[in-house]
Amino acid sequence: MNILLINPPNVPFSEKELLIEPIDLISLATYLQNLNHNTKFLDMDCKRLNCEELIKYIESKFMPDIVIISYDYHIPLHTQQTLKNISEICNKLKKYNIKTIMIGKTVTYNPEIIEKINFDIGIIGEAENTMKNILDTDIKNIDKLSKINGIVFKKESEIVITSTNKEKYNLDKLPIPNRDMAEIEDYIDIRSILTSRGCINKCDFCPTYNYWGNWRGKNAENVVKEIEYLIQNYNSKKIIFLDDNATVNKKRMQEISNKIIEKNIDIRLGCLSSINTYDKETFKLMYKAGFRWIHFGIESGSQKVLQNNNKKFDIEYAKKVIKEIKNMGYRVRTSFIFDLPTTTKSDMEKTIDFILETRT
């Protein structure tokens with residue numbers, strides 16, 4: 001089957017100096033390629049393509065049977081206005097009898113958006129197993145489609161939402177993403193990898209825990225194998241782990257770090273983490289292996305706001321951790337949400353004080 005995976009155009013287009021390859025969608029494309037489908041990837045945002053230019057692409061270069069469109073799947077790269085572009089794409093492709101499948105958190109938590117976006121099928125939750133089930137089925141047969149768990153589609157004017165697909169894919173079975181499907185030179189010189197899914201935290205404002213389920217990660221050997229692959233095939237000097245929370249399992253991170261050290265791999269690494277998964281000895285070992293950049297989602301400098309939004313760490317402990325990590329030599333980045341529920345002007349001032357004190 002001919003399958004085209006699309007990273008839709010952002011509104012406005014993403015700035016060139018911030019473009020990082022959408023590794024989540026490239027990974028899914030590689031998975032489908034390994035299932036022997038004729039698979040292509042098109043980054044409309046990177047190439048700054050509009051809907052009419054997409055039509056020219058499919059008419060002249062590749063006519064797909066199915067188009068898969070990603071919106072906030074693993075890496076949230078798009079503004080909400082992008083949904084208008086996705087709707088236009090879906091409507092245009094119907095004229096060519098091309099089926100459209102939408103994946104990501106928005107369609108998962110709001111499957112009724114099919115009424116507005118007009119895609120043919122939406123995948124609720126993780127994509128791999130559900131996608132395989134869809135491709136193994138005659139999707140034009142509504143009765144067969146209704147037997148697939150974890151999707152939304154329309155039966156005439158009725159919205160049909162099937163039972164949840166609770167099956168989770170074994171991440172160690174995923175192939176190394178085929179980045180040759182994209183034009184890698186179009187992106188910044190930091191390669192990205194995904195080594196885990198999920199998070200142990202259950203912050204009220206974040207969909208990660210419910211979307212991916214319990215945290216699970218690839219084994220250390222497979223992670224290091226992909227790092228070596230990026231160095232050998234793309235001459236990579238810098239790699240970022242785009243996992244929502246890469247440091248959940250300290251034993252795994254220690255194994256990854258030790259393997260990098262043992263193999264004498266010369267690389268600079270970064271990752272996203274959380275304060276309550278910090279372990280001093282692990283972070284020292286990570287630094288020795290080449291980690292230099294850590295991102296923490298602090299969200300607020302107010303203990304009250306953190307508690308009210310189920311963000312479970314002590315703000316003074318966070319300051320201590322950041323100072324300790326900076327002293328190790330790390331560059332520390334933090335992010336904040338100024339309008340979390342129960343936030344007052346005083347709470348915002350505490351957040352500003354936190355930023356000025358920690359100097360991340």
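**Exercise 1. State how many nonpolar, polar and charged residues line the second largest cavity.**

Solution. 
- The lining of the second largest cavity has six nonpolar, three polar and two charged residues.
- Ala, Val, Leu, Ile, Met, Phe, Trp, Tyr, Cys and Pro count as nonpolar; Asp, Glu, Lys and Arg count as charged; the others, Gly among them, count as polar.
- Now check the names: Asn7, Pro22, Asp24, Leu25, Ser70, Tyr71, Asp72, Tyr73, Ile75, Leu77 and His78 line the second largest cavity.
- On a 1 Å grid over the protein atoms alone, a cavity is a set of points where a 1.4 Å probe fits but cannot get out; a pocket is an open set with protein on both sides within 12 Å along at least five of seven lines; lining residues have an atom within 4 Å of a point.

Before going on, note that this is a predicted model: local features need pLDDT of at least 70, side-chain atom pairs count only at pLDDT 80 or more, and totals for chains, interfaces and linings use all residues. Residues are numbered from 1 along each chain as its sequence is written, and side-chain values use heavy atoms, with hydrogens and water left out.

**Exercise 2. Find how many cavities of 30 Å³ or more there are, and describe the largest cavity.**

Solution. 
- The count is two cavities of 30 Å³ or more.
- The largest cavity holds about 160 Å³ of space. The second largest cavity holds about 50 Å³.
- Grid points are joined across faces, edges and corners, and a volume is the space filled by probe spheres set on the points.
- The largest cavity is lined by 15 residues; Ser27, Leu174, Leu194, Arg197 and Lys218 are the closest to its centre.
- Helix 1 (23-34) and strand 9 (196-197) each give at least two residues to the lining of the largest cavity.
- Helices (H or I, at least four residues) and strands (E, at least two) are DSSP runs, numbered from the N terminus.
- By class, seven residues of the lining of the largest cavity are nonpolar, three polar and five charged.

**Exercise 3. Which strand gives the largest share of the lining of the second largest pocket?**

Solution. 
- Start with the space: the second largest pocket has about 250 Å³.
- Its lining has 14 residues, and the closest to the centre are Phe41, Leu42, Lys47, Tyr57 and Glu183.
- Strand 2 and helix 2 each supply at least two residues of this lining.
- Strand 2 gives the largest share, with three residues.
- Eight residues of this lining are nonpolar, no residue is polar and six are charged.

**Exercise 4. Is Asp43 buried or exposed, and what is Asp43 in contact with?**

Solution. 
- Asp43 lies in strand 2.
- Asp43 has a relative accessible area of 6%, so it is buried. Buried means under 20% relative accessible area, exposed over 50%, partly exposed in between (1.4 Å probe, protein chains only).
- Leaving aside neighbours within four places in sequence, Asp43 is in contact with Asn7, Pro22 and Tyr187. Contact means heavy atoms within 4.5 Å.

**Exercise 5. Is Thr351 buried or exposed?**

Solution. 
- Thr351 is found in helix 14 (residues 345-358).
- Thr351 counts as buried because its relative accessibility is 4%.
- Apart from neighbours within four places in sequence, Thr351 is in contact with Ser300, Gly301, Ser302, Phe336 and Phe338.
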